[in-house]
Protein chains: 2
Amino acid sequence: MASIHDVARVAGVSISTVSYALSGKRSIAESTRLRINNAVEQLGYRPNAGARMLAGTRTNIFALTAPFHAETYAPAHMAFVLAVAQAARAHDYDVLLLTQDEATSGLRRVASSRLVDGIIVLDVAAEDDRVGVIRELGTPAVFIGIPRDTEGLVCVDLDFEAAAALAISRLTDAGHRSIGLIGHSPGVYARGSNFPPRFRDGFFSAAAAEGVATAFAMPERDGPSVRAALDELYRTLPGMTALVLHCEEAVQAAVMDILRERGLRVPEDLSVISACASFETDHFEPALDTIPLVAADSCTRAVELAIEQVAGPIAPRVELVPPRFLERGSIAPPAPRR
Amino acid sequence: MASIHDVARVAGVSISTVSYALSGKRSIAESTRLRINNAVEQLGYRPNAGARMLAGTRTNIFALTAPFHAETYAPAHMAFVLAVAQAARAHDYDVLLLTQDEATSGLRRVASSRLVDGIIVLDVAAEDDRVGVIRELGTPAVFIGIPRDTEGLVCVDLDFEAAAALAISRLTDAGHRSIGLIGHSPGVYARGSNFPPRFRDGFFSAAAAEGVATAFAMPERDGPSVRAALDELYRTLPGMTALVLHCEEAVQAAVMDILRERGLRVPEDLSVISACASFETDHFEPALDTIPLVAADSCTRAVELAIEQVAGPIAPRVELVPPRFLERGSIAPPAPRR
DNA sequence: CTGAAAGCGCTTACAG
DNA sequence: CTGAAAGCGCTTACAG
């Protein structure tokens, strides 16, 4: 494997000139740069990663801690993992994957061995063991999600409260006064994941502010459970004219199937919004108005903030990404009572 | 951050003794070892990762190339990614995640910069660009999956052909002579992923060898498409008494729903086997006999083979993991024709 | 059982 | 615009 000495010899310069030419950290005569580039090309030279880490001030690796539990919804989880990896690569960073059985010890290990420059934290729980470890380590870190105590932390996330309020306001604008919410399974809330309660609470408080009647159900992902959830909503809210879905793709699909099966038309008989889903919602029949959870939005910003921290300390903060609304025609004025 | 020199000073020994004490590569007097361990503890010493990479012969990092496409089934993909990460950690290896937009260039980058000791390849296509790059690089690599041309490669995978044959033989043992197969969506086969055709072809050839009548359908994941697939199977195979499912969880769930809805009892009216699924199948009603795709099996073995290769070249090979059968009572003798 | 020293391949002040 | 050299923090022959 060619080293920087080989390149220097072939190009007829010193190794420091090669290093500076490649890093761009000082100006190099055009002719010199050309000879160096030719030598690099000819030898297939790539700087040794270990030597760079040791001599330089950074490793160009971020740790990604993304615990995966029984309740984790794989497609959304995957979308965030990939979005982090892609955002990192855009800044010449690689991503080291840490698993849940090493959640806190893995952070200690990679940070104190200087294997990584910083940490991106996914799947944040309200009470999250990783918070304490990261405070203690002092390593640059960004949370994608919001723990209960954000003291001293840098956090980025979709504004789930605002997303819920946006759903409510779109529906009230159309005249709806009785709105149901289908959330995740009870296990997801019990697990302590940070965003489902944020959406739920945002939903209830926005609805209360508007004086709107609400009902809430948390089905499991099987058909019978979804059917029961819909029954429950109609029972507690007989005049329900609109429905907000904040749940997995399979559950949303099941809801649409069941509505169709019962002859309930969307939006004529029921207006429906899909909120904070990380999957496409335009293949539903009909396509649903959606407030998307765009993994790339939060992850791109998280990587930027991590890189800022590598350069030097920044002020702790909680950055909320404003929700967007994609209109597809699944909202209509409420039908007269049947 | 404490260095090996600090440890040596506190313990009153040379740095080489510290290094050997920690690596266990030569015997150390009990009293010396104790002083060193105390110093390590007291200083919170962790060897610098970059220095180890540079001075040592290995980085203790594997690259994991796991491209993710529109057709990728996230839960299975995730299961394999995690299984690789866990298996790697069990051997003190970390995992660097490579994304699809850098599939081949990323391999070149991490291998020739000596950032990783080897490569684990997931989501292998029959014709896979990564095969050529890996042959050319000569870096230790293990494919989890089997490309068309395995010349010079080390591959591990579940024996999908044997799994299909096992499904057929269990059903023929019970007396079935007309067996349907519900496979993945056509896009999965078109994408060139290696295992779906292996299962399908194994199914057809085992059935042919037994003189069994077959039918095959490839639904999309929506309810209507699954319904149509079942209709198609019953139309082409009116005497169908058994069904093999080799498809996503949502599709398997939909099949069970539709059977129930049509009053078809499992196993009394139809025997069903779930084959090569990486998710649990015991929550179905009834629980299904299953030939599981156990991510940990292939991934553990893949990591072992990668580590062997780091120590020195090994013979190219294709290792097939034999399928297992989990009996749960969803097979019965065929019912008399209705 | 232990130590002194070379060397891994870079980066970056220091010097001109 | 360029070079000689120190140093990053380890591992590992070499020597005793």
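Which element gives the largest share of the surface near DNA strand C?

Analyst: The model is a predicted one. The element in question is α2(A), which contributes 5 residues, the largest share of the surface near DNA strand C.

Sorted by class, the surface near DNA strand C holds 13 nonpolar, 12 polar and 3 charged residues.

The other DNA strand may be described in the same terms. DNA strand D is surrounded by 28 residues, and the closest of them are Ser16(A), Ser27(A), Ile4(B), Ser16(B) and Ala55(B). The elements that supply two or more residues here are α2 (15-23) and α4 (49-55) of chain A, together with α2 (15-23) and α4 (49-55) of chain B. For DNA strand D, the largest share of the surface, 5 residues, is that of α2(B). This surface comprises 13 nonpolar, 12 polar and 3 charged residues.

The relation between the two protein chains comes next. Chain A is superposed on chain B by a rotation of 180° with 0.0 Å of shift along the axis, at an RMSD of 0.1 Å. The two copies are therefore related as by a two-fold rotation axis. Both copies use the same surface, since 100% of the contact residues of chain A recur in chain B.

In the contact between the chains, 34 residues of chain A meet 34 residues of chain B. On the side of chain A that touches chain B, at least two residues come from each of α4, α5, β2 (94-98) and α12 (249-261) of chain A. The element that gives the most to this side is α5(A), with 8 residues. By class, this side of chain A has 17 nonpolar, 9 polar and 8 charged residues. Strand pairing also crosses from one chain to the other: β2(A) and strand β2 (residues 94-98) of chain B run antiparallel and are joined by 3 bridges. Within this pairing, Leu96(A) stands opposite Leu96(B) of β2(B).

Chain A is divided into domain 1 (4-47), domain 2 (61-158 + 295-321) and domain 3 (160-291). The centres of domain 2 and domain 3 of chain A, taken over C-alpha atoms, are separated by 29 Å. Between these two domains of chain A, 16 residues of domain 2 are in contact with 14 residues of domain 3. Helix α5 (residues 74-90) of chain A gives the most to the side of domain 2 that touches domain 3, with 3 residues. That side of domain 2 of chain A consists of 11 nonpolar, 2 polar and 3 charged residues.

There remains the open sheet of chain A. Its 5 strands follow the order β7-β6-β8-β9-β10, and the pairing is parallel. At the edges stand β7 (213-217) and β10 (289-291) of chain A, each of which pairs on one side only. From one strand to the next, the twist averages 20°. Strand β6 (residues 178-182) of chain A is paired with β7(A) in the parallel sense over 5 bridges, and Ser178(A) has Ala213(A) as its bridge partner in β7(A). Helix α8 (residues 160-173) of chain A packs on the sheet, where it touches β6, β8 (242-245), β9 (271-275) and β10 of chain A, and its direction makes about 165° with that of β9(A). Helix α10 (residues 195-210) of chain A lies across β6, β7, β8 and β9 of chain A and runs at about 165° to β7(A).

Chain B has an open sheet of 5 strands in the order β7-β6-β8-β9-β10, again with parallel pairing. Since β7 (213-217) and β10 (289-291) of chain B stand at the edges with a single partner strand each, one side of each is left without a neighbour in the sheet.

Methods
Residues numbered from 1 in each chain as written. Chains lettered and ligands numbered in written order. Predicted model: local features only at pLDDT ≥ 70, side-chain atom pairs only at ≥ 80, totals over all residues. Near = placed C-beta within 6 Å. Helix = DSSP H or I, 4+ residues; strand = E, 2+ residues; numbered from the N terminus. Nonpolar A, V, L, I, M, F, W, Y, C, P; charged D, E, K, R; others polar. Domains from an automatic or database assignment. Contact = placed C-beta atoms within 7 Å. Least-squares fit on C-alpha atoms with pLDDT ≥ 70 in both. Pairing = 2+ DSSP bridges. Axes fitted to C-alpha atoms, helices over the stretch in contact; angles between N-to-C directions.
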